[in-house]
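Morning, everyone. I have one structure to go through today, so let me put it on the screen.

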Amino acid sequence: MPEPDFDERSVAATGAGGVNQGAIAPTGTGGAMDLALSEGATLEKTPGGPEGTGPAGKPRSLWGDAWRDLRRNPVFIISGLIILFLIFISLWPSVIASGNPLKCDLAKAQLGSRPGHPFGYDGQGCDVYTRTVYGARTSVTVGVCTTLGVALFGSTLGGLAGFFGGGWDALLSRITDIFFGIPVVLGGLVFLSVVTSTTVWPVIGFMILLGWPQIARIARGSVITAKQNDYVQAARALGASNSRMLLRHIAPNAVAPVIVVATIALGTYISLEATLSYLGVGLKPPSVSWGIDISAASQYIRNAPHMLLWPAGALAVTVLAFIMLGDAVRDALDPKLR
């Protein structure tokens, strides 16, 4: 009987699925086609695609990778829960503290813990627990507003200086050098001592005035690095305008360092507000602030240490939570730390 020709042998070796079974079987000779077919079948069965891609096989972005790392970081989870709790009591303090922080009874001055008043009373007979809860609103408001103002103002000036360069860049550099030479606490003593307002806005304005140079330098360096990338040069060669290059190509890739520094600085601004209030030039009574309570309790630390420990502990936990959050965000957004 004559042997089947090549076509008949190929059909016989082809399985029911229409794929040549001999082609995907190990040959022992290192056939490149065998490896390619097997890898292709594996990729088709893998829902998430190869490493570095998302569920649909699309490349993951920096922000997607950062969010994935943050969700797995216990430091981020713990600090995030603390900050969410602080935000909650800042918006609705009466939920967990039904008293009035300004209602005082001198007959109960310096008394310790009592039923319904777990933190005791301060030197004026005010409930320490209620004042500690309401003090979170002031600290969070000052920290968030100052951070937003510093980030917007500083990143705008620094980004424009880094993008255009030239005389504008040199002028901004000299201005930032002048502001860096002003001591923050001494500047607060001079600037805020003439302010009679009892609201938080003079303190916020002062901290924005002295805080923007740091963000401006970070944004300037980040923009200078980003504008040298190939995709920016390609956009420039294709005729993209300056505003389009800044908003579409440079800003999204240069904002990560600004976010990291601003998040860490938020805790610093909260502690700075408490320091200025402690020195008597920040917030003033009848405002409720941890710095004011710490200042009032410092002279009673021997006889009634609870007056100092609770507001100081709340301040320390708040600052630590924001610093931990900033460290976690830095680890997630910095590719060198991966």
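This is a predicted model: local features need pLDDT of at least 70, side-chain atom pairs count only at pLDDT 80 or more; totals for chains, interfaces and linings use all residues.

The largest nonpolar core has 33 residues, and the members touching the most other members are I270, L315 and L333. Which helices supply at least two residues each? They are α4, residues 62-71; α5, 74-91; α6, 128-164; α11, 242-278; α12, 290-297; and α13, 306-333. The largest share comes from α13, with 12 residues.

Stay with L315 for a moment. Leaving aside residues up to four places away in sequence, L315 touches I270, S271, A274, W290 and I294. Another core, of 27 residues, lies apart from the largest one. V203, A216, V258 and L283 are among the residues of that other core.

Now the helix pair. Helix α7 covers residues 166-180 and helix α9 covers residues 201-226. Their axes are 9 Å apart, and the two pack at an angle of about 140 degrees. Why call them oblique? Angles over 145 degrees count as roughly antiparallel and 65 to 115 as roughly perpendicular; at about 140 degrees, α7 and α9 are therefore oblique to each other. Their crossing is left-handed.

On the α7 side, the contact is made by D169, L172, S173, I175, T176, D177, F179 and F180. From α9 come L209, L210, W212, P213, Q214, R217 and R220. Sorted by class, this contact has 8 nonpolar, 3 polar and 4 charged residues.

That is what I have; questions are welcome.

How values were computed:
Residues are numbered from 1 along each chain as its sequence is written. Side-chain values use heavy atoms; hydrogens and water are left out. A nonpolar core is a set of buried Ala, Val, Leu, Ile, Met, Phe, Trp, Tyr and Cys residues joined through side-chain atoms within 4.5 Å. Buried means under 20% relative accessible area, exposed over 50%, partly exposed in between (1.4 Å probe, protein chains only). Helices (H or I, at least four residues) and strands (E, at least two) are DSSP runs, numbered from the N terminus. Contact means heavy atoms within 4.5 Å. Axes are lines fitted to C-alpha atoms, for helices over the stretch in contact, and angles run from 0 to 180 degrees between N-to-C directions. Angles under 35 degrees count as roughly parallel, over 145 as roughly antiparallel, 65 to 115 as roughly perpendicular and the rest as oblique. A crossing is left-handed if the near helix is turned anticlockwise from the far one by less than a right angle, and right-handed if clockwise. Ala, Val, Leu, Ile, Met, Phe, Trp, Tyr, Cys and Pro count as nonpolar, Asp, Glu, Lys and Arg as charged, and the others, Gly among them, as polar.
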